[in-house]
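Please look over the sequence and the model below before reading on. The text then goes from one part to the next.

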Amino acid sequence: MPRLWGQEASGNCYKVKLLASHLGVPLEWVRIDVTKGESRTPAFLAMSPAGQVPLLRCDDGSMLAESGAILWYLGEGTRFVPQDKLAVARMFQWMFFEQYRVEPNIATSRYWIHLLSAPARFRDQIAAKRDPGLAALAVMESHLGHADGFPGGALSLGDIALYGYVHCAEARRRASRCGRRRAMSRRPPRDRAARRTGGRKAGRVRVDPL
Ligand SMILES: N[C@@H](CCC(=O)N[C@@H](CS)C(=O)NCC(=O)O)C(=O)O
């Protein structure tokens, strides 16, 4: 069974759990507390050079980091990847957009506010992220004026990638259609395997609004 190192409140980890849940792929969940430096230990860095979660150990023992790469690894050849070459490229267009415009603004603010619980300490940084974060949401909203997803059509890895953080952004109403809520609202089920291994708390990912 693939093993996923992650932290519940991380949208990057949530993306992977959400896709795995849709696909019925069981994941063994190993909880890492990045706020306590658990992703920067020598042992973890040996598996993940950037010292970040999510980190996937594939069935053959290979390690894979970066949420987008993991989504592709799990999703390739499934209904979450379009058949048409241009549609695949457009799916990647939105996945790269997520990493460059959404994740650096919305995810980092969320990290300071909710994981570190230190909004006052990071007040200036959070303020600096607000306009670019809203601008990213506006780009998405504009796209949704003429499409029903990212890129549109059947649910794709682009929808999953963007849903990871946008669904819990403060201005989430702006992108309320992102990922077509009804289909996306399915949350990962409890990870019984992870509960068996080491008693670490796993299961339903709870993501609070930013
Ligand atoms: N681009 C990466 C970002 C991963 C990332 O930022 N992970 C955070 C948690 S959401 C982390 O591990 N932070 C701990 C650290 O950087 O030390 C992805 O999409 O997976």
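**A walk through the model**

Arg-130 is found in helix α5; helices here are DSSP runs of H or I with at least four residues, strands are DSSP runs of E with at least two, and both are numbered from the N terminus. The model is a predicted one, in which local features need pLDDT of at least 70, side-chain atom pairs count only at pLDDT 80 or more, and totals for chains, interfaces and linings use all residues. Residues are numbered from 1 along each chain as its sequence is written.

Is Arg-130 buried or partly exposed? A residue is buried if 20 or more other C-beta atoms lie within 10 Å of its own, exposed if 12 or fewer, and partly exposed in between, with C-beta atoms placed from the backbone. Arg-130 has 14 C-beta neighbours inside 10 Å, so it counts as partly exposed. Its C-alpha lies 7.8 Å from that of Ile-106, although 24 residues separate Arg-130 and Ile-106 in sequence.

Helix α6 is another case. Ten of its ten residues are buried, and therefore α6 is largely enclosed by the rest of the structure. Among these buried residues are Leu-157, Ile-160, Leu-162 and Val-166.

Next comes the core. A nonpolar core is a set of buried Ala, Val, Leu, Ile, Met, Phe, Trp, Tyr and Cys residues joined through C-beta atoms within 7 Å. The largest one has 38 residues, and Leu-19, Leu-71, Ile-160, Leu-162 and Val-166 touch the most other members. Elements that give two or more residues to this core include β1 (3-6), α1 (11-23), α4 (85-115) and α6 (157-166). Which element gives the most to this core? It is α6, with seven residues. At least three residues of this core come from each of domain 1 (3-78 + 189-204) and domain 2 (85-185), where the bounds come from an automatic or database domain assignment.

The sheet can be followed strand by strand. It is open and has four strands in the order β2-β1-β3-β4, with mixed pairing; two strands pair if DSSP finds at least two bridges between them. β2 (28-31) and β4 are the edge strands, and each pairs on one side only. β1 and β3 run antiparallel and are joined by three bridges. Arg-3 stands opposite Arg-57 in β3.

Now for the backbone. Most residues other than glycine have a negative phi, and most peptide bonds are trans. A cis peptide bond, with omega about 5 degrees, joins Val-53 and Pro-54, and Pro-54 sits in the loop between α2 (42-47) and β3. The bond from Phe-150 to Pro-151 is also cis, with omega near 15 degrees; Pro-151 is in the loop between α5 and α6. Glu-66, in the loop between β4 (63-65) and α3, has a positive phi near 75 degrees. Glu-66 is partly exposed, with 17 other C-beta atoms within 10 Å. Ser-117 has a positive phi near 50 degrees and lies in the loop between α4 and α5. With 10 other C-beta atoms within 10 Å, Ser-117 is exposed.
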